[in-house]
Amino acid sequence: MELDSVRELKMAAMQVVATIPKGITAAGVVSRFVSLGVAAGSTSQGYRLAIRLQQDSLGTNAIVDRLKHIARGEVDIRITGRVRPAALASPATARKRPIHIGSSVAHFNMTAGTLGAFVQTDNDDSVHLLSNNHVIANSNACGLQDSILQPSPMDGGLQGDRVAGLANWIPLQTQGNLVDCAIAKLDPDVTYDAKNVPQIGPLGGVSTNPIYIGMPVSIFGRSSKMSDGKVTAFEMDNILVGYPVGDLGFDGQIEIEGARPDMPFAIHGDSGSLVMDKKRLAIGLLFAVSTNGGTNGLGLTYVNPIDSVLQALNAQILY
């Protein structure tokens, strides 16, 4: 199927999901836990509708059958389990100076996440670190100049390990989120390395190429360290992510699975990681992982497109 045809099909399918009667329990579950996007076609060329379900029981639901019908069978269905922010407890990471891409960071009231990149904004040429809202802005429960610690509190970071003050965050909302991102201004005495990504190489900038199915990608995250994967879907809408503040919906996201048979692409603690293509060009900001799904069944990873992140923050990546 042509890409434009799948996009039109996705819009029609979203209308089906949106009109599910709220009073029908099973249908209500489908509308809450079904995400739609663009996946690879059944042949080497073309595309098909990506349907992601967070519960096994949804696979035989009549609503899902309707989606299969309107897609004329051109569907890629995967069971993901619940999707969670990827910033929870995981193995400890040391204090790093200079701080670098992949370092353990978090808001002083958070657990642990990853420093994705260094940026400057249109209004301030000071250096800022980039990560997720839920990592350095505590899922909206924050204030300007709140302390960002490296290492993170989960890794033993204390107030004396402050490296930056929270400068801007895009508020998380119940529905329609495009990004989970925030920036913090580095304190004057903090040294940093904006260029080099451990175990990967020098950051090459920001990709201007379109995302495609099968695109090979990499991260260096707090928990996974260097990890390889590939894009399995894009333009994913209605992804419900279970935050401590409640279930929040995301649209326009990239889906990635791990390249290794024994590991997912990302795990808890990797939130905020910068996702790069094989030319070390940034394509996205990692923010959530699922418990199941992917070729190896170990989970899928969800990523904000980097253009959406930088536009929301009025920022440019340093490298």
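Select L240 first: L240 is buried, with a relative accessible area of 4% (buried means under 20%, exposed over 50% and partly exposed in between, with a 1.4 Å probe and protein chains only). L240 sits in strand β19; helices (H or I, at least four residues) and strands (E, at least two) are DSSP runs, numbered from the N terminus. Draw a distance from the C-alpha atom of L240 to that of T121: the two are 119 residues apart along the chain and separated by 30 Å.

Before going on, note that this is a predicted model, in which local features need pLDDT of at least 70 and side-chain atom pairs count only at pLDDT 80 or more, while totals for chains, interfaces and linings use all residues. Residues are numbered from 1 along each chain as its sequence is written, and side-chain values use heavy atoms, with hydrogens and water left out.

**Confidence**

Colour the chain by pLDDT, the predictor's confidence in each residue, from 0 to 100. The mean for the protein chain is 90, and 91% of its residues reach 70 or more. Then select residues 22-30, where pLDDT stays under 50. The model has 13 contacts for this stretch beyond four places in sequence, a contact being heavy atoms within 4.5 Å. Where pLDDT is low, the predicted coordinates should not be read in detail.

Next, select N238, in the loop between β18 and β19 (239-243). N238 has a positive phi of about 65° although it is not a glycine. Its relative accessible area of 14% makes N238 buried. Now move to R280, in the loop between β22 (274-277) and β23. R280 also is not a glycine and has a positive phi of about 65°.

**Two cis peptide bonds**

Select R97 and P98: the peptide bond from R97 to P98 is cis, with omega near 0°. P98 is placed in the loop between β4 (83-85) and β5 (99-100). Then select Q150 and P151, which are joined by a cis peptide bond with omega of about 5°. The loop that holds P151 runs between β10 (147-149) and β11 (162-169).

**N132 and the cysteines**

Centre on N132, in the loop between β9 (124-131) and α4 (133-136). N132 counts as buried, at 0% relative accessibility. Which residues does N132 contact, leaving aside its neighbours within four places in sequence? They are A137, D180, C181, A182, S271, G272, L285, L286 and F287. The C-alpha atom of R222, 90 residues apart from N132 along the chain, is separated from that of N132 by 13 Å.

From that list, pick C181, which counts as buried at 0% relative accessibility. A disulfide is a pair of cysteine sulfur atoms within 2.5 Å. By this rule the count comes to 0 disulfides. C142 is in no disulfide, and the nearest cysteine sulfur, that of C181, is 12 Å away.

**I267**

Select I267, in the loop between β21 and β22. I267 is partly exposed, with a relative accessible area of 32%. Not counting residues up to four places away in sequence, I267 touches A86, S223, S224 and V289.

**Pocket and cavity**

A cavity is a set of points where a 1.4 Å probe fits but cannot get out; a pocket is an open set with protein on both sides within 12 Å along at least five of seven lines; lining residues have an atom within 4 Å of a point. Grid points are joined across faces, edges and corners, and a volume is the space filled by probe spheres set on the points.

The largest pocket has a volume of about 290 Å³. Select N209, P210, I211, I254 and P305, the closest to its centre of the 18 lining residues. At least two lining residues each come from α1 (3-18), β18 (225-237), β21 (253-258), β23 (281-290) and α5 (306-313).

The whole structure has 1 cavity of 30 Å³ or more. To see the lining of the largest cavity, select S35, R52, Q54, T80, V83, I239 and Y302.
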